[in-house]
Amino acid sequence: MKLSTAAQMREMDKKAIEAGIPDIVLMENASIKSFYKILDYYGSVEGSLAVVFVGAGNNGGDALAISRHLYNNGANVFVYMLIDEAKLNPSPKTNFEIIKNMGIEFRFVQNEDDFNEELIRECDIIIDGIFGTGLSRAVEGRFKRAIELINSSPAFIVSVDIPSGIKADTGEVMGIAVEADLTPTFALAKPGHFLYPGRAYAGDVEVVDISTPRHVIDEFEPNFLALNSDEIYLDFRSPTSHKGDFGHLAIVGGSIGKSGAVIMASKAALKTGVGLVSAVVPKSINTAFESRLLEAMSYPVDDESGFFSIDSIDSVVEFVSDKSAICFGMGLGITDSTKKLTEELLQINKPMIIDAEGLNCLSFCVDKLKSRKAPTILTPHPKEFSRLRGIQTKDVLKDRLNLAVEFAKEYGVYLVLKMADTLIATPDGKLYINTTGNQGLATGGSGDVLGGMIGAFLAEGYDALQAALNGVYLHGLAADLAVDSGITYESLTPSDVIDHINQAIRTMRE
């Protein structure tokens with residue numbers, strides 16, 4: 001799903017106006033479509049008490065127009081004007097004149113104590129039209145107090161376009177933000193609706209059509225996209241197909257104490273539909289692997305103290321070189337041998353996903369990625385990514401959007417930055433924000449499952465981007481379905497996610 005930054009949306013609005021659609025028409029469409037969404041979620045507004053908060057800009061104008069629709073449908077409406085009338089743009093000013101002429105009550109707010117707190121506590125519906133997508137500085141003064149009062153109310157809270165206080169391009173909270181139940185947004189959603197912490201403030205996000213010309217949206221090439229079901233593609237499987245049609249995945253990893261990582265990755269790959277899985281593991285954990293997973297094959301190699309030995313490298317390279325794809329790194333350990341193994345595997349001209357300690361070994365030879373000829377997917381969490389970048393984890397968290405895109409472009413890889421709102425950065429500069437998954441995934445082994453799923457799609461022949469998108473989305477969806485089945489966030493395990501991969505795929509196919 002295409003996402004628009006604040007600047008891009010301003011440009012699209014400008015093109016709509018140039019196409020002959022006046023600003024006041026766009027505003028009316030935004031307000032009536034938002035009102036319809038309120039009816040969908042809240043129900044009849046007749047007899048309810050609605051309090052509307054109006055700020056500067058067209059966002060405030062949208063809120064003023066919504067107050068009219070509420071009033072005309074039987075609601076008792078009170079409007080707080082947080083800005084002077086003289087500062088209203090032409091279209092918001094027109095809507096303000098209309099509500100005055102209709103007799104809707106309003107009050108200008110100059111100070112933090114100009115609010116009737118009892119009214120706000122007792123109202124049924126709140127319309128937040130304080131700030132729009134252009135907010136770029138911290139919220140202060142009467143605006144901050146308004147948001148505090150909104151959040152303290154038990155009312156049904158509707159934010160116009162984006163919750164006030166959320167930075168549209170990043171999801172950042174600018175000091176304080178409205179905690180909305182519903183956010184109708186116009187023409188296209190914004191990155192801040194899906195990036196945390198903004199995602200937690202937006203409630204249900206509904207994209208509504210305000211008559212932006214179709215060609216304007218069709219021709220728009222976004223940098224940000226929301227990863228939803230529209231981006232998922234699953235090949236048709238012929239009834240005459242056989243296991244060789246669906247690829248052979250080599251999973252290289254494991255060490256003493258970490259056999260489970262390879263077991264989970266292998267099982268996840270099989271559940272995702274790969275034809276064959278061969279786990280390349282140190283001999284010392286081979287029995288543990290074979291006793292826990294009957295459906296996969298194993299290729300045990302020489303080890304040293306439970307880790308891949310230097311003598312095993314040639315054997316590993318030879319074995320995996322004819323496989324459809326390579327999944328490397330889970331449970332690997334960091335030794336001189338595993339660092340050398342990483343360098344050798346990078347030279348194989350096969351699609352590859354690198355995860356976990358494979359990424360930590362890669363951090364010692366990251367420039368070798370630039371000479372890779374086959375598609376490469378990296379799946380770090382922030383700390384692993386910080387090692388690849390040679391910076392502190394806190395710096396990754398501060399600027400993760402730009403850092404992810406820069407890295408993917410510089411090294412020609414697909415970067416899956418694993419977080420609550422997992423990002424997929426592409427070599428051509430696009431950034432996908434995943435919309436599935438939950439806090440139950442915050443447990444050891446979740447990444448191993450994801451690695452196996454993406455590896456399966458690579459081996460099945462999907463291109464690297466589609467493999468990453470499918471794997472990330474279905475992994476999160478499987479976790480959501482597991483929770484829907486009654487498993488709590490606290491009790492969710494990677495094995496539970498694996499057990500729900502089937503249902504996630506079925507959901508997509510249906």
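Q: Axes here are lines fitted to C-alpha atoms, for helices over the stretch in contact, and angles run from 0 to 180 degrees between N-to-C directions; at what angle do the axes of helix α9 and helix α17 cross?
A: This is a predicted model, in which local features need pLDDT of at least 70, side-chain atom pairs count only at pLDDT 80 or more, and totals for chains, interfaces and linings use all residues. Helices (H or I, at least four residues) and strands (E, at least two) are DSSP runs numbered from the N terminus. The axes of α9 (residues 259–272) and α17 (residues 446–460) come within 7 Å, and their crossing angle is roughly 45°.

Q: How many nonpolar residues does the contact of α9 with α17 have?
A: In α9, the residues A261, M264, A265, A268, A269 and T272 meet D448, V449, G452, M453, A456, F457 and E460 in α17, where contact means heavy atoms within 4.5 Å. Ala, Val, Leu, Ile, Met, Phe, Trp, Tyr, Cys and Pro count as nonpolar, Asp, Glu, Lys and Arg as charged, and the others, Gly among them, as polar. By these classes the contact has two charged and two polar residues, and its number of nonpolar residues is nine.

Q: How many residues does the largest nonpolar core have?
A: Such a core is a set of buried Ala, Val, Leu, Ile, Met, Phe, Trp, Tyr and Cys residues joined through side-chain atoms within 4.5 Å. F53 is among the residues with the most contacts inside the largest core, and, not counting residues up to four places away in sequence, F53 touches residues including Y80, F115, I127 and I130. The number of residues in this core is 59.

Q: Is L417 buried or exposed?
A: L417 lies in strand β18 (residues 414–417), and beyond its neighbours within four places in sequence it is in contact with P380, H381, P382, F385, R400, T422 and L423. Buried means under 20% relative accessible area, exposed over 50%, and partly exposed in between (1.4 Å probe, protein chains only). Because its relative accessibility is 0%, L417 counts as buried.

Conventions. Residues numbered from 1 in each chain as written. Heavy atoms only, no water.
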